[in-house]
Each structure stands twice: as structure tokens, then as C-alpha cells.
Amino acid sequence: MNLDEALRLVHTVGAAVSLPAETVGLGAADGRVLAANVIAATHLPVTDTSAMDGWAVAGDGPWCIKGFVHMGAPPGVLSAGEARVVPTGGAVPTGTSAVLRSERGRERDGVLTADPSTALAPWTDVRRAGETVRVGAVVASKGARVTPAVIAASAATGVDSLEVVAQPRVAVVLVGDEIVQRGVPGPGQVRDALGIAVPDLLRAGGALVESVEHVTDDPDALRQAIDRRGVHLVVTAAATGHGAGDHLTRALDAASAHVEFRGVAMRPGHPTLLACRPDGVPVLGLPGNPFAAIVALTVLGLPLLAGALGAAAPQRRRRIAAEPFTPGADGARVVPVCEADDGMRALEQGPSVVSGAVHADHLAFVPAGGVAAGGPLDVVDLPWRR
């Protein structure tokens, strides 16, 4: 399948996953996706406040100074001809007509006068209640990912908790007789490079990883693994190709799953597969080569999760190529790149060369015609570089 078609399809399939909403406190909301708009519960500023250190004054001067405004305490009332010392951000008393900055006033024997050059228009250096946010305003919109800025804005406007989309529960299935969990692999063996990396990438996309299961190259064992109950998504690694030991399609057939696509026009990541179980749970089959799996999960898996969460898919951005990028043999060539002063530069690559991603900032998509030095290059951020 064409890469752009596959991207649209995975987001659509993800959006069909039914996830409930839940309410969490602000301290547990970072990284979650909003299931409803955040609505301001108070004005911001809450009341009229001073924009500068100085004096809150009422009417024309000179003014008789009547004490201090204490932060956190009621500011009181001013009558015409009176002033009160006020700090930046302090609530100004009822009756205040302006704030006289400290560098523009003179105090003597309890009487305040303004410099002759100072003209105090009404509300000078006063921040009016609600001038930044009004009660009932939308602070952050449904579908947005919660960031520290969203949390701060919510707290500032009197919100204590947020309604967020429940995290999709994911089962991870790693396939292969040759995989070893620890130490140096022997002849015919490979070290498990994905048992930690894939769950971590899924968590970065907002998922809750329920299980990580290793199964042998056996169709029935794989069928049972992909049929796990109580999850919203199954992600497998390996067994997606066309070799004698690649049993995923056979296991999907046995599970009566519908294959949406088998193969995407990009390299690495070409053997990626997407299917849906009869109960609507998507099954994303990643290639077994480590870098190919990371590419497929970043490019296709994260948009799938975004769709389930009701969020927008990660967007490609346009950058400049610092060097020529040659085209691939079939569809888009996906290249790990880092940002240099003169643009994007390629790093070591290949479906099994995961070390090339260690220093990468983005994945670049090289079209069929290639990209000349200085030409436009589309990239997507790697999750750990955001």
C-alpha cells in the first residue's frame, strides 16, 4: 500500500477503537489526551491587579498614602485622594483608578505626588480582571495532548482535574525461536532488541502496555497470543514476511481477522501489516529487524494510537537536505537524520542497523526521485527527541 494511504488508514482504524473518558487530577495528566475542552472556572486575572510595583491611587493627586496591599489578603477600598503601596501582581483596592509606578512617584510625610511629566490615564498599569481569560473560556481543546503549559493554564483558571481519554491497553507479542533475553547471543541466536524498546515507544504514544509476550515460531501459539482479551491493540514483531517461518498471516486467518494491508511502500518497514480482529481490535505487525520495527512503529503505529486517542496524527514537517539523498528501490526511503547547521544529514541506516537511530533527531522520507542537496525533505520527529 502507498505510504500516504497507509497513514490515513491506520489513523482511521485507530479512531474506530472505543476508549472511555476518565477524570484525573492535574498531577497525573501530563501526556494524556483531552476527552473534553478545559473550561476556565475563574477570570485570569481573578481580580484587577497591578502590572507594576508602585501605588494604587484613586482620583487625582496628590494622594494620602493609606498602608500596603498584602499579597493574598483582601485589598480593601480607596477613596478619592488616597493611595496604597502595591506590588506587581497584587490585587488593587476597590476605587483604584490607576497605578503609579514606583519610579514615577515621590513620597514625603505620607503624601504621594507624581512626577510632573507623568500623566495617569484611567487604568494605567492595571491588569483588569478577565483580560487574559474569562470565566467559561476554552483553555485547551478536546483532542489536545496535555502539556505542562496546559496544566499550568488549567490550574491558573481554577481547574483541579481534567477529563482525558483512557489509555489504550496494548499487548506486545515478540515472535521467534532465535531470540534470547539476556547476554551475548550465540550462533544462530539474536538478542531481543525490541522487548523493551517497543513498549517504551508505545508508552510514549500514550498507551498502557498490558503485557509483553515472547512466542516461538508456531502458528497456533501466535494465534493464541494475538487473540488476547481485554486489550485495545495488539502489536507484534517479526513473522510478517513471506518466508516459511513467517506465520502471522496464517495466525490471523485462524483468528478470522481481516487484513487491511500487508506491506507498505517504504523501506525499511516494508513488511508491516495491519489487520483487525472480529471484535474490532487492530493488530499491527511490525518487521523483525530492529530498525525496521522502530521505523514502522514510529511512522504507522503512533498515528494508529493517535486515532484511538482522538488526537491528530503526528505531522511531517519540511526541512532542507544538507546533502543529496538517493531514492529507494520501492516507494519512500526512510532515513534517520540529524540536524546540522546547513540542514539534514543522513546517519547509518539499514533495516537491522538500529544504532543509526541513536543520534537521530528525525526520520526523513525520500521520495522516488530522491532529493538534491538544498532541496526540500519531509521529516517526522522521533518520539524521544520531542
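**Cavity, pocket, helix and strand**

Student: By class, what residues does the lining of the largest cavity have?
Tutor: The lining of the largest cavity has 7 nonpolar residues, 2 polar ones and no charged ones. Here Ala, Val, Leu, Ile, Met, Phe, Trp, Tyr, Cys and Pro count as nonpolar, Asp, Glu, Lys and Arg as charged, and the others, Gly among them, as polar. Please keep in mind that this is a predicted model, in which local features need pLDDT of at least 70 and side-chain atom pairs count only at pLDDT 80 or more, while totals for chains, interfaces and linings use all residues. Residues are numbered from 1 along each chain as its sequence is written, and side-chain values use heavy atoms, with hydrogens and water left out.

Student: Which residues line the largest cavity?
Tutor: They are G14, V17, P168, H232, L233, P282, L304, L305 and A308, and helix 6 gives the most to this lining, with 3 residues. Helices (H or I, at least four residues) and strands (E, at least two) are DSSP runs, numbered from the N terminus.

Student: And what volume does the largest cavity have?
Tutor: Its volume is about 50 Å³, taken as the space filled by probe spheres set on grid points that are joined across faces, edges and corners. On a 1 Å grid over the protein atoms alone, a cavity is a set of points where a 1.4 Å probe fits but cannot get out, and a pocket is an open set with protein on both sides within 12 Å along at least five of seven lines; lining residues have an atom within 4 Å of a point.

Student: Then what about the largest pocket, which residues lie nearest its centre?
Tutor: Of the 19 residues that line the largest pocket, E178, I179, V190, A238 and G288 lie nearest its centre. The volume of this pocket is about 290 Å³, and its lining divides into 10 nonpolar, 4 polar and 5 charged residues.

Student: New topic: which residues are buried in helix 3?
Tutor: Helix 3, residues 197–204, has V198, P199, L201 and L202 buried, where buried means under 20% relative accessible area, exposed over 50% and partly exposed in between (1.4 Å probe, protein chains only). Seen down the helix axis, these buried residues fall within an arc of 160°, so they line one face of helix 3; the arc is that of the directions from the axis to the C-beta atoms.

Student: What follows helix 3?
Tutor: G206 follows, and its phi is positive, near 100°.

Student: Last one: why is strand 6 largely enclosed?
Tutor: Strand 6 (residues 82–86) has 4 of its 5 residues buried, so the rest of the structure largely encloses it.
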